[in-house]
Amino acid sequence: MSDNKIYKFHKTLHAQSKLMGIDRLYARVDDAFQQNRGHSIKKSTFHNKINPDREAHKLNVDEFILVLMALKEENQHAPVLDDLLSLYGMRLEYLQSDGEQEHDYKSFMADWMGLNKEHGDVQVALTSALSDYKISENELNGIKVELSEHIQALTQLRQALDSVCGKRLD
């Protein structure tokens with residue numbers, strides 16, 4: 001595992017944190033930390049721990065999990081998890097969290113249209129990013145978010161297809 005890949009992971013974590021707003025992220029993590037541990041995280045220390053260019057400070061496992069949970073609430077967690085798993089040669093797979101859903105025509109069509117919407121969002125993000133013939137780090141992180149939402153929608157459609165197989169959709 002190269003230092004470059006680890007640094008890339010830290011950069012993605014920082015970028016996704018900035019998209020959410022590091023102060024908002026800090027507030028959520030600190031609230032959870034206070035509830036679980038009974039004490040606070042110093043704000044400047046948290047900022048240093050999120051910053052990939054600060055060697056002396058890094059998140060501990062508990063803080064990292066709380067950061068991921070807060071990012072998940074804003075749907076900003078997938079690129080972080082994707083980069084983390086890529087360190088180990090793995091990839092992220094989305095699972096439907098609310099169990100098997102029975103689909104009728106309307107809900108199946110909603111999942112299908114949701115996939116089309118997310119596909120369009122990926123196209124818009126890529127087209128916008130490539131308008132100047134280069135993709136910046138912020139644009140890349142935005143594209144990764146759109147791709148993760150697209151993959152999530154594709155997974156939902158796959159599960160909807162499993163649900164409606166052999167059934168008449170009226």
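1. Rings of Phe, Tyr and Trp (its six-membered ring) are taken to pair if their centres lie within 6.5 Å, with planes under 30 degrees apart counted as stacked, over 60 as edge-to-face and the rest as tilted. On that criterion, a search of the whole structure finds two aromatic pairs. Helices (H or I, at least four residues) and strands (E, at least two) are DSSP runs, numbered from the N terminus. Both Phe 9 and Phe 64 are buried, where buried means under 20% relative accessible area, exposed over 50%, and partly exposed in between (1.4 Å probe, protein chains only).

2. The rings of Tyr 26 and Phe 46 have centres 5.5 Å apart and planes at 55°, so that pair is classed as tilted. Because Tyr 26 lies in helix α2 and Phe 46 in helix α3, the pair ties together parts that are 20 residues apart in sequence. Tyr 26 and Phe 46 are both buried.

3. On provenance, this is a predicted model, in which local features need pLDDT of at least 70 and side-chain atom pairs count only at pLDDT 80 or more, whereas totals for chains, interfaces and linings use all residues. Residues are numbered from 1 along each chain as its sequence is written, and side-chain values use heavy atoms, with hydrogens and water left out.

4. As for the overall make-up, the protein has seven helices and zero strands, and its C-alpha trace spans about 60 × 45 × 30 Å along the principal axes. Of its 170 residues, 35% count as buried. The protein exposes about 10800 Å², of which carbon and sulfur atoms supply 54%; accessible areas come from the Shrake-Rupley method with a 1.4 Å probe, and for residues only the protein chains shown count as cover. Among contacts (heavy atoms within 4.5 Å) with a separation of 6 or more, 67% are between residues 24 or more positions apart.

5. A nonpolar core is here a set of buried Ala, Val, Leu, Ile, Met, Phe, Trp, Tyr and Cys residues joined through side-chain atoms within 4.5 Å. The largest such core has 21 residues, and those with the most contacts inside it are Leu 25, Phe 46 and Val 67. Helices α1 (3-20), α2 (22-37), α3 (43-50) and α4 (61-73) each supply at least two residues of this core. Apart from it lies another core, of six residues, among them Phe 108, Leu 157, Ala 160 and Val 164.

6. Which residues does Leu 25 touch, not counting residues up to four places away in sequence? They are Ser 17, Met 20, Phe 46, Ile 50, Val 67, Ala 70 and Leu 71. Ser 17, in helix α1, is buried, with a relative accessible area of 0%. The C-alpha atoms of Ser 17 and Leu 71 are separated by 7.3 Å, although these residues are 54 apart along the chain.

7. A search of the whole structure finds twelve salt bridges, each defined by a side-chain nitrogen of Lys or Arg within 4 Å of a carboxyl oxygen of Asp or Glu. In one of them, the side chains of Lys 8 and Asp 83 meet at 3.1 Å, N to O, linking helix α1 with helix α5 across 75 residues. Lys 8 is partly exposed, at 39% relative accessible area, whereas Asp 83 is buried, at 4%.

8. Glu 74 lies in the loop between α4 and α5 and Arg 28 in helix α2, so the latter pair ties together parts that are 46 residues apart in sequence. Salt bridges that share partners join Arg 24, Arg 28, Glu 73 and Glu 74 into one network. Arg 28 is partly exposed, at 29% relative accessibility, while Glu 73 is exposed, at 58%.
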